[in-house]
Amino acid sequence: MCGIIAYTGFRRAAPILLDGLRMLEYRGYDSSGVYIAGDGVYRALGPVDNLVQKIPVDVQGTAGIGHTRWATHGQPSEQNAHPHHDQQGGLWVVHNGIIENYAELRAELVAEGHTFISETDTEVLAHLIGMRYEETGDLATGLVRALERVRGTYGIAVMADDLPDTILTARMGSPIAIGVKDGEYFVASDAAPLIRHTQQILYLEEGEYAVITSEGYDVFSFTHERQHRSPELLDLPLDVVEKGGHPHFMLKEIMEVPDVLENSARGRLLLKEGSAKLGGLEDQVPFLRTVDRVVIVGCGSAYYAGLVGKLLIEDLAGIPVTVELGSEYRHRPHRVVGTTALVVVSQSGETADSLACVREAKRMGVKTIGIVNVVGSSIARETDMGVYNHAGPELGVASTKAYVSQLEALMLFALFLGRLRGLSVAQGAGLVCELMRLPEKVRDILAHRDKIQHIAEEYLGYDDFLFIGRSYNFGTAYEGALKLKEVAYVHAEGYGAGEMKHGPIAMIDEIFPTVAIMPSDSMYEKMRSNVEEIRARKGRVLAIATEGNTEILALADDVLYIPDTKEALTPILATIPLQLFAYYTGVLRGFNVDRPRNLAKSVTVE
Ligand code: F6R
């Protein structure tokens, strides 16, 4: 939530900062701003494009900081937009995170005569840093002294008018990536905006700060000990951060699903052994053999992926699994029974509630396993072991390719565990074989996306939807409903089809359609009965069914087919038409599906 960017070098900073902010907009887009050394500060309400209009073309400064905001303290307004300055007006801060004790600090500062312009926690931080800089005469010392007073999370970049070439950046709880190039240095909340300029990236660790000028950088701990850290080569193709001819990142990322499935399976599928090769788990085999209970935590789509993961682990490895929302699990007391493993599913690896669950589990001595997409993220680093999704950067705010990659990674994890715990070679090999075929099957669904667009047009007049599924597609129903809510602002409810008669069927009438996820699997007969019940109440039904099922044509009003696959893999295929349905509905309703209102991709606040 919130994206920060900074640059120092020999080129004009303004275009670099603006370009970087556009790449970071998925983290927040209610206002933005930049400070450019020697030129001043510019802020605008709304998307970065509004800021672009405000910056004169002759702004020449070669260093600066920028921010795109997702409001936490204070409503979206130009006044609350970053950068914020200190009492003297010569020190500038951009901040991603939350200062929890800001009210107390603000009251102290007000008592000392400070005046505040905005309602933000960040302005308090700017005042504190400015004050300590003035007292000590050294920006790094002043920064650390100020941070000693702060409780909460931050990834910050700081500049001072009297040090026009220097940027200080610090991290506690919010990621900071530093890009290194000859005579040019970049800072950002993640690597996406940097890879156009350099693939040499270094991530700050918790409790570290860096002093950066156009001549070099130094990393220090908060106790001022120099850390000898070198950048690593990221090696990402440049087109991962471009739309590649698609009108939206969301569509581009759905179209990438076949490649993502190939990437996340590459080198990991062991056909002969009927298993998966997972480097991040190999030296943990003795522990994994003893696990007798798994808890999966996640938020939003990651939680729904967890619902599928539960069945995969229970079916393939025979270990009982509970699935928990990160925001609930972290606040409850837990009794650790037997050998529990906590699996945390997170695309960004930065979701505050999921990260808190990792820390809570570790405190209790529970081993943690990350199913994470962003390499080097906090959850990836803090978990004891893990499986990377290899979905590449996802810039659309709604999880699409990342969600599918979570399902794939959970399948590989379950397979790996299963083969340690009695799953036969033949059973494992059957799944491996089918995993190899999945990318082609997804390509087949994508090739028929015109049909899905047509269906979205047909259903455009409805304001409410029910999504139902069972067993492996119980989670898919929730995920399908979430996609429609978040990118098309249409009321949609996910439900277990078996629960329908316990309440929601009361809503069904001719203006309340149902999307029924009903592949030809062990749940099909039961789903068919549920669809009959809906039809008997004049509800319109859009079925997601398996190719070759012709009886469904008489049962449902509309059908979107997916290729046949093993039951455990149906969520991967069934999700694709639901993502496209939400995409086209959002676009047809005239919304920016890449930047849904009120949302940000990486939820780094509670
Ligand atoms: C929905 C969506 C969110 C995320 C959730 C968790 O499309 O993207 O519900 O799934 O915020 O995010 P991560 O996976 O980064 O922990």
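Predicted model: local features only at pLDDT ≥ 70, side-chain atom pairs only at ≥ 80, totals over all residues.
I started at Y489, in the loop between helix 16 (474-488) and strand 24 (491-496); helices (H or I, at least four residues) and strands (E, at least two) are DSSP runs numbered from the N terminus. Y489 has a positive phi of about 55 degrees although it is not a glycine. Y489 counts as partly exposed because its relative accessibility is 22% (buried is under 20% relative accessible area, exposed over 50%, partly exposed in between, with a 1.4 Å probe and protein chains only).

Residues are numbered from 1 along each chain as its sequence is written, and side-chain values use heavy atoms, with hydrogens and water left out.

Next I looked up H390, another non-glycine with positive phi, near 55 degrees. H390 sits in the loop between strand 22 (385-388) and helix 13 (401-420), and at 36% relative accessibility H390 is partly exposed.

Then I checked the peptide bond from H82 to P83: cis, with omega near -5 degrees. P83 is in the loop between strand 4 and strand 5 (84-85).

L438 and P439 are among the buried residues of helix 14, as are G428 and E434.
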